[in-house]
Amino acid sequence: MRVYKATNADMDCTMGSGTYHYVLGVPAVADRSMCGRTGLHACEYVLDCTSYYGLGISNRFFVAEASGDIVEDGMDTRISCTKLTLVQELDIRGITAHAILYMAEHPRREGWEKESSLLQVKRDRAEALQPGSIAIARGGHPLARGAAGSCLGLVQEKNREVTDARLLIVGRRGIKPHTWYTLADGMPQEVRE
């Protein structure tokens with residue numbers, strides 16, 4: 001099962017009363033899995049990882065493959081498993097893309113809205129106020145804007161089904177800083193205030 005794992009800068013995570021060091025491509029194994037207690041923890045929604053390891057602060061985010069005994073406890077999309085392999089590291093663009101992908105694959109799931117100092121994922125309107133931050137707006141007419149170097153997600157929906165989605169990087173391909181964007185006929189369009 002595809003999941004997401006966040007670690008500190010050294011690829012270490014807390015595990016029980018100690019720490020565990022992950023290596024890209026090398027399976028980590030645990031004897032038992034029980035969310036919040038034992039096993040290897042990850043999330044189905046990449047942005048749920050930010051509750052445990054925030055954006056910035058040199059934390060790292062990965063696409064991972066969970067297998068073995070997999071359990072969940074209803075605390076966001078957190079799972080615990082007995083085998084977890086980090087497959088690919090994600091940069092800020094990749095984190096944004098995988099968050100949008102999750103919304104498209106699971107349009108009716110709750111809990112997708114998130115907010116922290118470098119992250120704003122909200123209904124209808126979102127802003128990325130700092131370089132390296134993420135803003136994803138989701139709704140009938142989503143609006144997003146951000147500082148140079150931030151990532152924007154526009155997720156258009158109708159009747160709780162995602163109909164279109166785009167990822168924009170502020171400062172590239174004509175996307176201007178501190179300017180609102182929406183989707184019109186599937187293309188990003190500047191919105192004048």
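Reader: Over the face of which residue does R138 lie?
Author: This is a predicted model, in which local features need pLDDT of at least 70, side-chain atom pairs count only at pLDDT 80 or more, and totals for chains, interfaces and linings use all residues. Residues are numbered from 1 along each chain as its sequence is written, and side-chain values use heavy atoms, with hydrogens and water left out. A charge sits over a ring if NZ of Lys or CZ of Arg is within 6 Å of the ring centre and within 35 degrees of the ring normal. R138 is 4.7 Å from the ring centre of W112.

Reader: Over which ring does the charged end of R125 sit?
Author: The distance to the ring centre is 4.1 Å. The ring belongs to W180.

Reader: How many disulfides does the structure hold?
Author: A disulfide is a pair of cysteine sulfur atoms within 2.5 Å. The sulfur of C43 has its closest cysteine sulfur in C49, at 4.1 Å, too far for a bond. For C151 the closest cysteine sulfur is also in C49, at 17 Å, again too far. The number of disulfides is therefore zero.

Reader: Is C151 buried or exposed?
Author: Buried means under 20% relative accessible area and exposed over 50%, with partly exposed in between (1.4 Å probe, protein chains only). The relative accessible area of C151 is 1%, so C151 is buried.

Reader: Which aromatic pair is stacked?
Author: Rings of Phe, Tyr and Trp (its six-membered ring) pair if their centres lie within 6.5 Å; planes under 30 degrees apart count as stacked, over 60 as edge-to-face and the rest as tilted. By this rule there are two aromatic pairs. Y20 and Y22 are edge-to-face, at 4.9 Å centre to centre and 70 degrees between the planes. At 4.4 Å and 25 degrees, the stacked pair is Y45 and Y102.

Reader: How many residues apart are Y45 and Y102?
Author: Y45 is in the loop between β5 and β6, and Y102 is in helix α1. Helices (H or I, at least four residues) and strands (E, at least two) are DSSP runs, numbered from the N terminus. The pair links distant parts of the chain, 57 residues apart.

Reader: How many residues are in the largest nonpolar core?
Author: A nonpolar core is a set of buried Ala, Val, Leu, Ile, Met, Phe, Trp, Tyr and Cys residues joined through side-chain atoms within 4.5 Å. Among the members that touch the most others are Y22, Y45 and I95. The elements giving two or more residues include α1 (92–105) and β12 (134–146). The residue count is 39.
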